[in-house]
Amino acid sequence: MSGERALGTFVVRAAAAEAAAFRRETGGTGQGVPFTFPVRWLARADFHAVAVDMIGDGNWVPIHESQSFDYRTPLASDTDYEMAVTMKREIEPSRIVLVAQIGLPNDASHLTMEMILRIIPLPTEQAA
């Protein structure tokens with residue numbers, strides 16, 4: 001299967017305490033929302049379920065291939081943002097591409113991010 005799907009628009013927030021914990025765990029410095037913090041918002045179970053549907057079965061593991069963040073303005077802690085997400089299935093090489101636009105309601109996007117996951121089939125003996 002292939003194609004692209006709009007997954008919807010979701011409210012996301014970088015709580016100050018969560019951003020600080022992320023910064024500590026990743027060895028970051030400074031204050032505010034760490035540059036890569038928003039990637040956490042793409043780790044939703046419902047996004048994984050859509051990927052399984054697009055691939056056609058669940059006998060694979062996603063391997064992180066790349067991610068990118070294109071900021072127009074930094075994100076603020078404790079602020080509600082809207083995140084519009086699309087998912088695309090690529091066949092050769094086999095991978096899932098997630099693209100998110102994050103911004104304030106009725107405002108230009110503050111951030112465009114992309115995450116690419118290579119799809120590696122599980123050996124038959126490990127298949128679910």
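## The nonpolar core

In this predicted model, the largest nonpolar core brings together 31 residues. Those with the most contacts inside this core are L42, F47, M83, V85, M87, L98 and I102. Six elements each supply at least two of the core residues: the helix α2 (45-55) and the strands β1 (3-13), β2, β3 (80-90), β4 (95-103) and β5 (109-121).

Setting aside neighbours within four places in sequence, L42 touches F47, M83, V85, L98, A100, M113 and M115.

## The chain as a whole

Stepping back, the chain holds two helices and five strands, and from the N terminus on its elements follow the order β-α-α-β-β-β-β. Its C-alpha atoms fill a box of roughly 45 × 35 × 20 Å along the principal axes.

Of the 128 residues in the chain, 33% are buried. Among contacts with a separation of 6 or more, 66% join residues 24 or more positions apart. The chain exposes about 7,300 Å², and carbon and sulfur atoms supply 53% of that area.

## A buried arginine

Now for R23, which sits in helix α1 (residues 16-25). What is the nearest side chain of opposite charge to R23, and how far away is it? It is D78, at 10 Å.

Which residues does R23 contact, beyond its neighbours within four places in sequence? They are G28, T29, G30, Q31, G32 and P34.

G27 belongs to the loop between α1 and α2. This glycine counts as exposed because its relative accessibility is 59%, and the cut-off for exposed is over 50%. Between G27 and A15 there are 18 Å in space, C-alpha to C-alpha, for a distance of 12 residues in sequence.

## A nonpolar patch on the surface

The surface has its own nonpolar feature to visit: V61, I63 and I120 form a patch there, with about 210 Å² of accessible area together. I63, one of these residues, is found in strand β2 (residues 60-71). Is I63 buried, partly exposed or exposed? With a relative accessible area of 41%, I63 is partly exposed, because that class lies between the 20% and 50% cut-offs.

Key
Residues are numbered from 1 along each chain as its sequence is written. This is a predicted model: local features need pLDDT of at least 70, side-chain atom pairs count only at pLDDT 80 or more; totals for chains, interfaces and linings use all residues. Side-chain values use heavy atoms; hydrogens and water are left out. Helices (H or I, at least four residues) and strands (E, at least two) are DSSP runs, numbered from the N terminus. Buried means under 20% relative accessible area, exposed over 50%, partly exposed in between (1.4 Å probe, protein chains only). Lys and Arg count as positive and Asp and Glu as negative; His and the chain ends are not counted. A salt bridge is a side-chain nitrogen of Lys or Arg within 4 Å of a carboxyl oxygen of Asp or Glu. Contact means heavy atoms within 4.5 Å. Patches are made of residues with over 30% relative accessible area and no salt bridge: like charges are joined within 9 Å, nonpolar side chains (Val, Leu, Ile, Met, Phe, Trp, Tyr) within 5 Å. Accessible areas come from the Shrake-Rupley method with a 1.4 Å probe; for residues, only the protein chains shown count as cover. A nonpolar core is a set of buried Ala, Val, Leu, Ile, Met, Phe, Trp, Tyr and Cys residues joined through side-chain atoms within 4.5 Å.
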